[in-house]
Structure formats: C-alpha cells, structure tokens
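I opened the model to look up a few local features and kept notes as I went. The entries follow in the order I made them.

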Amino acid sequence: MSKSGRQKTNKPASSSKSSSLVEKENELILREACKIVEALGKMFAPCCEVVLHDLRKPNNSIIAIECPLSGRKVGQPTSEMGLARIKNQSFPDIVQNYANSFPDGRSVKSTSIGLRNSQGQFIAALCLNLDISLFSSIQRVISQLTLSDAMNAPVRETLRARSIDDLREVIESFASRHNVQPRNLTSQHRRQLIQSLADAGLLQLRGAASIAADILGISRASIYNALKSKLKN
C-alpha cells in the first residue's frame, strides 16, 4: 500500500516492451511499403495509381500515393475495401483484378494487397488501380489498323522476298498433303504443283526450274511443257 492508501498498479514491463516492439514492426512495414508504392507508381505511370493505406487510421489512412488518377491525396480516408479488412481479420490478403472505377467514370482494374504484422493483424493495404479505359481506346485503334481488305484481295500477296527455300517448302508440303514423296506424285498432281509454283512466282527465281525438276525427278523441259499445257487449256 502506498502512503495514500491505494495500491500502485503498473503495467507489466514485459507487456509494455512487447507493445513497443509491435509498434516498431508496424512502422517498419509501412516504411518499406512506401518504397514499393514509389517504385511501382513511377514504373507504371501514367496509367496506374498506387496507394498505401495505414489501416490503423481509417479516417486519414492514405500515407503514400503515386500517379493519383483518382484525385485522392495523402491524409484522405480509406476505401470500402480497407474498412472491410479492419473489421474482419480473416478478409483475403489479396483481392486481385476486380472491376472498379474512378470518380469520373473511367474503368479501372484494381488489386488490393493486405499487409499483416507478425501478430497476424492487418496494418496496411497496398492498392493498384489500373486505368483500362486508355487501353480500351488503344485496342480499338489497333483493331481498326489491323483489320484490312487484304483478305479479300484476288490473290494472296507476300511482301517479303521469295527464295529457293520457299520453293522447296512448297513442293515438300504439297507432296506431304498427298502422303507421298515429291518424286512419287502423279502426273495430275505434278501439273497442279507446277502451276501453283508458277502462280506464286517461284519459278521465276534464278535456277528455280532446274531445282524443281530435280526435286520432282523430271526434266526441266517437263516443267515448261506442264505450263504450256495449262496455257493451251
């Protein structure tokens, strides 16, 4: 009993020390998370907002923000996702790629990451808000540029230079589709192949007729005769 007649009640030193250690840990988590916010924000600017919330202070939880596309500032309150984490410690640690929107109506893809301390308590939330309206516009432009009338052209055009390797590939592919070696093609199939080589401009390559004849096991004259026969018909 003290002189005043009341028993002095002090918190155990171990409890106070433990609380201090937890608080230091919490501050360390927030300090390190701020580095992540800065790095991610600068890497994905100007299309991704990155925000760090201190969930211990829901009324002014934002302690760091990069590329503030939502118009929010440091010192403003947490979001509905943050409040849900504060109320429910079993809330998912990561909620990824969910639909969201900025105040002006732009579509957003968001990810929210809860950061816990060693006690398992949510201390902070790291949030990424990607402005997908920008990408939607780009996608529409790309689609318009890549969709052309070329597929309706009367002939299939290739803009790269043709080579003897292309000649060999066409002959071997044609023979493969008929389950034979090039030299075993029937006369009818051989004439079809020679005509397709001519239509593709492959027989105009230097030495192409001789090489095609060797692969097919016929004379070069047979190549020209097949083309003449097609012209007569």
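**Entry 1: I215 and helix α6**

I looked up I215 and found it in helix α6. Helices here are DSSP runs of H or I with at least four residues, strands are E runs of at least two, and both are numbered from the N terminus. This is a predicted model, in which local features need pLDDT of at least 70 and side-chain atom pairs count only at pLDDT 80 or more, while totals for chains, interfaces and linings use all residues. Residues are numbered from 1 along each chain as its sequence is written, and side-chain values use heavy atoms, with hydrogens and water left out.

I then listed what I215 touches, not counting residues up to four places away in sequence: R168, I171, P182 and R183. A contact means heavy atoms within 4.5 Å. I215 and R183 are 32 residues apart in sequence, but C-alpha to C-alpha they are 6.8 Å apart in space.

Which residues of helix α6 are buried? In α6 (residues 208-216) I noted A208, A209, A212, A213 and L216. Buried means under 20% relative accessible area, exposed means over 50%, and partly exposed lies in between, with a 1.4 Å probe and protein chains only. These residues cover an arc of only 130 degrees around the axis, which puts them on the same side of α6. The arc is that of the directions from the helix axis to the C-beta atoms. An α-helix has 3.6 residues a turn, so residues three or four places apart point the same way. G217 follows α6 and has a positive phi, near 75 degrees.

**Entry 2: the whole chain**

I counted seven helices and five strands in the protein chain. From the N terminus on, the order is α-β-β-α-β-β-β-α-α-α-α-α. Of the 233 residues, 30% count as buried. Among contacts between residues at least 6 apart in sequence, 47% join residues at least 24 apart.

**Entry 3: helix α2**

I went to α2 (80-87) and found M81, G82 and R85 buried. Seen down the axis, the buried residues of α2 fall within an arc of 100 degrees, so they line one face of the helix. What do they pack against? The buried residues of α2 pack against β3, β4 and β5. The face turned away from the buried side carries E80 and K87, which are exposed.

**Entry 4: rings and charges**

I searched the whole structure for aromatic pairs and found zero. The test was for rings of Phe, Tyr and Trp (its six-membered ring) with centres within 6.5 Å; planes under 30 degrees apart would count as stacked, over 60 as edge-to-face and the rest as tilted. I did find charges over the ring of F122: the charged end of R116 sits 3.9 Å from its centre, and that of R85 sits 5.4 Å from its centre. A charge sits over a ring if NZ of Lys or CZ of Arg is within 6 Å of the ring centre and within 35 degrees of the ring normal.

**Entry 5: D54**

Is D54 buried or exposed? D54 is buried, with a relative accessible area of 3%. D54 belongs to strand β1 (residues 48-54). Leaving aside neighbours within four places in sequence, D54 is in contact with L30, S61, I63 and I123.

**Entry 6: backbone exceptions**

Most residues other than glycine have a negative phi, and most peptide bonds are trans. I looked for departures from this. A cis peptide bond joins A45 and P46, with omega about 5 degrees. P46 is in the loop between α1 (13-43) and β1.

N97 is not a glycine, yet has a positive phi of about 55 degrees. N97 lies in strand β3 and counts as partly exposed at 46% relative accessibility. N179, also not a glycine, has a positive phi near 60 degrees. N179 is in the loop between α4 (164-177) and α5 (187-199) and counts as exposed at 71% relative accessibility.

**Entry 7: S222**

I located S222 in helix α7 (residues 220-232). S222 counts as partly exposed at 29% relative accessibility. The C-alpha atoms of S222 and R191 are separated by 9.5 Å, and the two residues are 31 residues apart along the chain.
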